[in-house]
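Subject: Structure handover

Hello,

Here is the structure I said I would pass on. My notes on it follow below.

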Amino acid sequence: MHPKVKSMLTMSSMALANTVFANDSLRRPALKIAEKNTYNILVKKNRSQRPRKIQEDKYYVLRNLICAINKGFENKRVSPSVRRGLIKILVGNVLLSDNTQKRAFKETCGFNPPTFLLISPTKRCNLRCLGCYASSSSANAEKLDYDILDRILTEKKELWGSYFTVISGGEPLMWKSDGKDIIDIAAKHNDQFFLMYTNGTLIDEKMAQRMAEVGNITPAISVEGFEKETDKRRGKGVHKKILKAFGNLRSCGVPFGISITATRNNAELVLSDEFIDFYFEKQEALYGWIFQYMPIGRSYTLDLMVTPQQRKWMFEKEQHLIRDKSLFLPDFWNSGAVANGCISGGRPGGYFYIDWNGNCLPCAFYPYYTHNIKEIYKEKGNLNTALLCPFFQAVRKWQHDYSYMKPACEVGNQIVPCISKDHPREAREIIDATGARPGDQEAEVALKDPDYYKGLVACGDEVGRLTNPIWDKEYIGPERERVRK
Ligand code: SF4
């Protein structure tokens, strides 16, 4: 198609989508159709021949995302610029994309590119939370310079056709370089959408207004429970500031969510009806992400990890909340099936992580590296240099051998998808074989700590033992039965 014709079609499709989304009586039926099509494609047609239960899990998560988007519009919590930003990226760059960059990548590299990057532009933070995975504090000066961050964001579009970026930290709103902050960089890359994990304490009215104007950022604000639990981990008065941030975001029309660290002490609380009602109904969070505490970072301890029994209980409760309550609330580990297992190491459809020093790690929770993006750029390489390094290749090989795209009746248990947390033996073997180095001092200490390793192995084995029967009965068993017939 001639580029001018394509551009006109894209513009008119975006204008149409803008009208549909702005109008309740058009949007509701349009989203119903989208939901039905999602079911047909994923569950009924199931062209990739994944186990049916995996496809159902994916459908429910996407259905809930559609519900969350609709709820944001119904409650009049989406500003016109956010609506335009969402449509420009979703319609212009995803639905109507001709996938030129993805095809070019596949032709050169032989596999599909990652979908996104996680980037922590700064280690600095205004809080000092217990057990912070990044060991951040106000004293940390490590950061990525503007030109490096700008180049990474440009390259991921050009090399992979990737228009989604996750920003973490440290506190992303404390990042500044060349007089620019994170909102400025989002404004420059206004063809990408940014999910930003933040402690929320710096989202005053002015900041919320700036986010509404750029229209391509959604903050996920960290909570540990209610005021008592959040302040205990994050500091006195933090929860009150978070509630103010929620209010500022609501009144400016910026869709937001919550990010929850589940520990042995709060696992039941953060999945309780009271908690869900407070954050999703009263505070109008549209989505939530659950991160089970991973013993890395400041004062890491195995004692805060959810127990294997809690993890199994969480899986069952989360299935109920996702299927029956229509909540967009994925668990980074227990929802592994939705992503076809571990997504680290730049797997097709997955991601890798670039920290404040430029180190390229498979995942924020597998903090080891062999390549650094600043060094790569000095030597005239690019993001693909990191993506194709032997360390990431070994991680991807493990993913393939364990579960990713295996025949439907052989897919490994994706309730325990994590190379780092659930399969520490394999994680360690890959580190040893590829000479990967720790991303920070805590990761180095953990690597040398025999009790840490033993504890992780014991926990991983026990979670596997408890969840294998579920995986076998509900996910793989029906597929074996189908093959037998
Ligand atoms: S290493 Fe673990 S936490 Fe990271 S993407 Fe894989 S499963 Fe998720």
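Three helices, α17 (424-434), α18 (441-448) and α19 (450-484), each supply at least two residues of the lining of the largest cavity. The biggest contribution is that of α17, with 4 residues. Please keep in mind that this is a predicted model.

The volume of the largest cavity is about 150 Å³. Its lining consists of 16 residues, and those nearest the centre are Tyr368, Ser420, Arg428, Tyr452 and Leu456. By class, the lining of the largest cavity divides into 14 nonpolar, 1 polar and 1 charged residues. Domain 2 (100-387) and domain 3 (390-484) each give at least three residues to the lining of the largest cavity.

In total, the structure has 7 cavities of 30 Å³ or more. The second largest cavity holds about 120 Å³ of space. Which domains line the second largest cavity? At least three residues come from each of domain 1 (3-95) and domain 2 (100-387). Among the helices, α3 (52-74) and α13 (308-323) each supply at least two residues of this lining, and α13 gives the most, with 5 residues. Of the 14 lining residues of the second largest cavity, Asp57, Gln319, Ile322, Ser335 and Val338 lie nearest the centre. The classes in the lining of the second largest cavity are 7 nonpolar, 3 polar and 4 charged.

The ligand comes next. Around the ligand are Phe332, Trp333, Cys342, Ile343, Ser344, Cys363, Phe365, Pro417, Cys418 and Ile419. This shell has 9 nonpolar residues, 1 polar residue and no charged ones. Domain 2 (100-387) and domain 3 (390-484) each provide at least three residues of the shell around the ligand. The lining of the largest cavity likewise draws at least three residues from each of domain 2 and domain 3.

Helix α9 (residues 227-234) accounts for the largest share of the lining of the second largest pocket, 4 residues. How is the lining of the second largest pocket divided into nonpolar, polar and charged residues? There are 3 nonpolar, 7 polar and 5 charged residues in that lining.

In α12 (residues 273-282), the residues Phe275, Ile276, Phe278, Tyr279 and Phe280 are buried. Seen down the axis of α12, these buried residues fall within an arc of 165 degrees, so they line one face of the helix. Asp273, Glu274 and Lys282 are exposed, and they sit on the face of α12 turned away from its buried side. Just after α12, Glu284 has a positive phi of about 65 degrees.

For the largest cavity, Arg428 is among the residues nearest the centre. For the second largest cavity, Asp57 is one of those nearest the centre.

Regards

Methods
Residues numbered from 1 in each chain as written. Predicted model: local features only at pLDDT ≥ 70, side-chain atom pairs only at ≥ 80, totals over all residues. Heavy atoms only, no water. Near = heavy atom within 4 Å. Nonpolar A, V, L, I, M, F, W, Y, C, P; charged D, E, K, R; others polar. Domains from an automatic or database assignment. Buried < 20%, exposed > 50% of the residue type's maximum accessible area, 1.4 Å probe, protein only. Arc of directions from axis to C-beta. 1 Å grid on protein atoms, 1.4 Å probe; cavity = no way out; pocket = protein on both sides within 12 Å on 5 of 7 lines; lining within 4 Å. Points joined across faces, edges and corners; volume = space filled by probe spheres on them.
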